[in-house]
Amino acid sequence: MRRYALIMAAMAVIAVAGCSSSSSSSSSSSSSASPASSSSSPAAGSSASATGTITVFAASSLKETFTKLGTQFEAAHPGDTVKFSFGASSTLATQITDGAPADVFASASPKNMTTVVSAGDASNPQDFAKNTAEIAVPPSNPASVTSVNDLAKSSVKTALCEPKVPCGVVAAEVFKNAGITVKPVTLQPDVKSVLTQVELGNVDAGMVYVTDVKAAGSKVKGVTIPANVNASTMYPIAPISGSKDMSVAQAFVAYVLSPEGQSVLSAAGFEKP
């Protein structure tokens, strides 16, 4: 009987030890699963906060409006950044087709956009604005310019854009419509450079856009060109096919085309396409 009692006592000890081991194993398994679960959560959060930076190549006549649109876009899309490269549309188009790192192209001429599209660097451009020519003169108007015909006078020093630049093309169309020949004293690479020549008083007049005269404020005066003589240009925009942040590029294009974007353009003097 004594031996039987000892055997039963030994079996009880073994049973207790077995239960203790099982409980410890279960606890260890549970705690090792917990870190794996918590590590998957930050990964999802990281994906949700993904942001991007884009570079927009835009016509120089868009400098003021696009700078403002860029600020508004960044405010509406926290974490996204918009950088700009402004210049003559013809120059920008060449840079893009040569491989310059651009994400969006906003041109002051359909012709220059076609160059980029034909090279396979963009597709499905959309017109977002229209601009019309206007004569800019210094505030004192030293040459007494009152009409586009005055620019044909040899006594009037006139600044024009280079012929291949959109503002040069528009000026040539205006002169053709007016039946006059204008011999500029200087040819500038883009419309803002023409405007600067007028602001500095280096010339008596410059052919720019309505939006440039408005942006210059009191630095220049505008001389309106009659509608039957005047000329205008359309502004198309498109994401660049090789953009590394295509979703942000597309979002910026959409913002320019949105009511918010169109409101800023309209306030600057641009017309709807």
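Isoleucine 135 touches Val145, Ser147, Val148, Leu151, Ala205, Gly206, Met207, Val213, Lys221, Gly222, Val223 and Ile225, leaving out residues up to four places away in sequence; contact means heavy atoms within 4.5 Å. This is a predicted model, in which local features need pLDDT of at least 70, side-chain atom pairs count only at pLDDT 80 or more, and totals for chains, interfaces and linings use all residues. Residues are numbered from 1 along each chain as its sequence is written, and side-chain values use heavy atoms, with hydrogens and water left out.

**Overall make-up**

- The protein has 9 helices and 9 strands, where helices (H or I, at least four residues) and strands (E, at least two) are DSSP runs numbered from the N terminus.
- Of its 273 residues, 42% count as buried; buried means under 20% relative accessible area, exposed over 50%, and partly exposed in between (1.4 Å probe, protein chains only).
- Among contacts with a separation of 6 or more, 78% are between residues 24 or more positions apart.

**Nonpolar cores**

- A nonpolar core is a set of buried Ala, Val, Leu, Ile, Met, Phe, Trp, Tyr and Cys residues joined through side-chain atoms within 4.5 Å.
- The largest nonpolar core holds 62 residues, and those with the most contacts inside it are Leu62, Phe66, Phe128, Ile135, Leu151, Phe175 and Met207.
- In soluble globular proteins, nonpolar side chains tend to be buried together.

**Pocket and cavity**

- Both terms rest on a 1 Å grid over the protein atoms alone: a cavity is a set of points where a 1.4 Å probe fits but cannot get out, and a pocket is an open set with protein on both sides within 12 Å along at least five of seven lines; lining residues have an atom within 4 Å of a point.
- Grid points are joined across faces, edges and corners, and a volume is the space filled by probe spheres set on the points.
- The largest pocket contains about 180 Å³ of space.
- Its lining has 15 residues, of which Ser109, Lys111, Val165, Pro166 and Val169 lie nearest the centre of the pocket.
- Helix H4 (110–118), helix H5 (166–178) and strand S9 (232–239) each supply at least two residues of this lining, and H5 gives the most, with 4 residues.
- The pocket lining divides into 7 nonpolar, 5 polar and 3 charged residues; Ala, Val, Leu, Ile, Met, Phe, Trp, Tyr, Cys and Pro count as nonpolar, Asp, Glu, Lys and Arg as charged, and the others, Gly among them, as polar.
- There is 1 cavity of 30 Å³ or more, and the largest cavity holds about 60 Å³ of space.
- The largest cavity is lined by 13 residues, with Ser60, Ala108, Val165, Pro166 and Val191 the closest to its centre.
- The cavity lining consists of 8 nonpolar, 4 polar and 1 charged residues.

**Disulfide**

- The count is 1 disulfide, a disulfide being a pair of cysteine sulfur atoms within 2.5 Å.
- Cysteine 161 is joined to cysteine 167, with an S to S distance of 1.7 Å.
- The link of cysteine 161 and cysteine 167 is left-handed, at -100 degrees about the S-S bond.
- Cysteine 161 is buried at 4% relative accessible area, and cysteine 167 is buried at 5%.

**Residues in helices**

- Methionine 113 lies in helix H4 and is buried, with a relative accessible area of 1%.
- Beyond four places in sequence, methionine 113 touches Phe105, Ser107, Pro125, Pro236, Ile237 and Ala238.
- Methionine 113 and tyrosine 235 are 122 residues apart in sequence, and their C-alpha atoms are 8.9 Å apart.
- Asparagine 177, in helix H5, is partly exposed at 39% relative accessible area.
- Leaving aside neighbours within four places in sequence, asparagine 177 is in contact with Val229 and Asn230.
- Threonine 211 belongs to helix H7 (residues 210–216) and is buried at 4% relative accessible area.
- Not counting residues up to four places away in sequence, threonine 211 touches Ser61, Asn131, Ala268, Gly269 and Phe270.

**Positive phi in a loop**

- Most residues other than glycine have a negative phi.
- Asparagine 141 has a positive phi of about 45 degrees although it is not a glycine, and serine 144, also not a glycine, has a positive phi of about 55 degrees.
- Asparagine 141 is in the loop between strand S4 (126–137) and strand S5 (158–161), and serine 144 lies in the loop between S4 and S5.
- Asparagine 141 is buried at 15% relative accessible area, whereas serine 144 is partly exposed at 49%.
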